[in-house]
Amino acid sequence: VYLAVVLIVGVIAYRQTHTQEGFILGGRKLGPWVIAFSERASGESAWLLIGLPGAAYALGFLELWAAIGCCTGILFSWTVIAKRLREEVGRTNSLTLPDYFQQRFPETRGAIRVCASLIITFFFTFYVAAQFNGAGKVLDTTFGDFMLSLQETFADGGLLLETTTIGMLIGAIIVLFYTAMGGFVAVAWTDVAQGLIMIFTCV
């Protein structure tokens with residue numbers, strides 16, 4: 001049901017997204033609660049629900065410091081950085097952080113934009129890989145028998161895949177679909193749903 005809902009959100013968002021700014025930033029019209037949920041659901045995701053409990057199980061109360069450090073960093077980001085950064089990117093009409101850096105420091109002749117893009121690409125490669133890995137594990141654990149039947153179907157076609165890999169592919173296809181369809185609006189609203197589920201699960 002949840003996967004069906006996020007696909008529907010993607011289709012609805014697609015009908016409301018008509019410009020590049022709308023696709024990348026939701027037309028700068030999403031409210032603070034939607035943005036807050038989206039930022040945290042994206043920032044925590046598989047780490048909060050799979051990684052942190054696993055680390056706590058392995059290390060015990062020592063892992064409490066990870067939670068304290070994470071919450072402190074988030075609070076600092078929201079209270080010190082976020083508002084000023086939002087005002088600055090609005091003033092410069094930037095669509096991305098590399099865009100903003102280039103406009104803020106024009107004397108770099110675009111080198112800072114390239115550097116920022118490379119840093120973001122490098123770290124997000126590992127981040128996205130971890131999310132797909134988490135999605136694969138969750139789908140495999142939740143729908144074990146169904147995943148096994150898919151594995152047999154693929155094997156009959158000569159393609160040998162682990163059930164976790166099949167789950168990763170299913171997760172990737174769904175995420176790519178709603179992101180490509182509705183851009184940031186679809187991502188933000190599906191993150192609201194994910195954030196509410198994450199709060200309920202954590203409590």
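Student: Where H3 passes H8, is the crossing left-handed or right-handed?

Tutor: A crossing is left-handed if the near helix is turned anticlockwise from the far one by less than a right angle, and right-handed if clockwise. H3 passes H8 in a left-handed crossing. This is a predicted model: local features need pLDDT of at least 70, side-chain atom pairs count only at pLDDT 80 or more, and totals for chains, interfaces and linings use all residues. Residues are numbered from 1 along each chain as its sequence is written, and side-chain values use heavy atoms, without hydrogens and water.

Student: At what angle do the axes of H3 and H8 cross?

Tutor: Axes are lines fitted to C-alpha atoms, for helices over the stretch in contact, and angles run from 0 to 180 degrees between N-to-C directions. The axes of H3 and helix H8 (residues 163-202) cross at roughly 60° and come within 7 Å. H3 and H8 are therefore oblique to each other (under 35 degrees is roughly parallel, over 145 roughly antiparallel, 65 to 115 roughly perpendicular, the rest oblique). The contact of H3 with H8 has 15 nonpolar, six polar and two charged residues. Asp, Glu, Lys and Arg count as charged; Ala, Val, Leu, Ile, Met, Phe, Trp, Tyr, Cys and Pro as nonpolar; the others, Gly among them, as polar.

Student: How do H3 and H6 cross?

Tutor: Helix H3 (residues 32-59) and helix H6 (residues 111-142) have axes that come within 10 Å and cross at roughly 45°. That makes H3 oblique to H6. Here, too, H3 passes in a left-handed crossing.

Student: Which residues of H3 and H6 meet?

Tutor: Contact means heavy atoms within 4.5 Å. From H3 come Ser42, Gly43, Ser45, Ala46 and Ile50; from H6, Tyr127, Ala130, Gln131, Gly134 and Val138. By class, that contact has five nonpolar, five polar and no charged residues.

Student: How many helices and strands does the chain have?

Tutor: Helices (H or I, at least four residues) and strands (E, at least two) are DSSP runs, numbered from the N terminus. The chain has eight helices and zero strands.

Student: Is Asn93 buried or exposed?

Tutor: Buried means under 20% relative accessible area, exposed over 50%, partly exposed in between (1.4 Å probe, protein chains only). Asn93 counts as exposed because its relative accessibility is 52%. Asn93 lies in the loop between helix H4 (64-92) and helix H5 (97-104). Its phi is near 60°, a positive value in a residue other than glycine.

Student: Where does Arg109 lie?

Tutor: Arg109 lies in the loop between H5 and H6. Its phi is near 55°, also positive in a residue other than glycine. Arg109 counts as exposed, at 79% relative accessibility.
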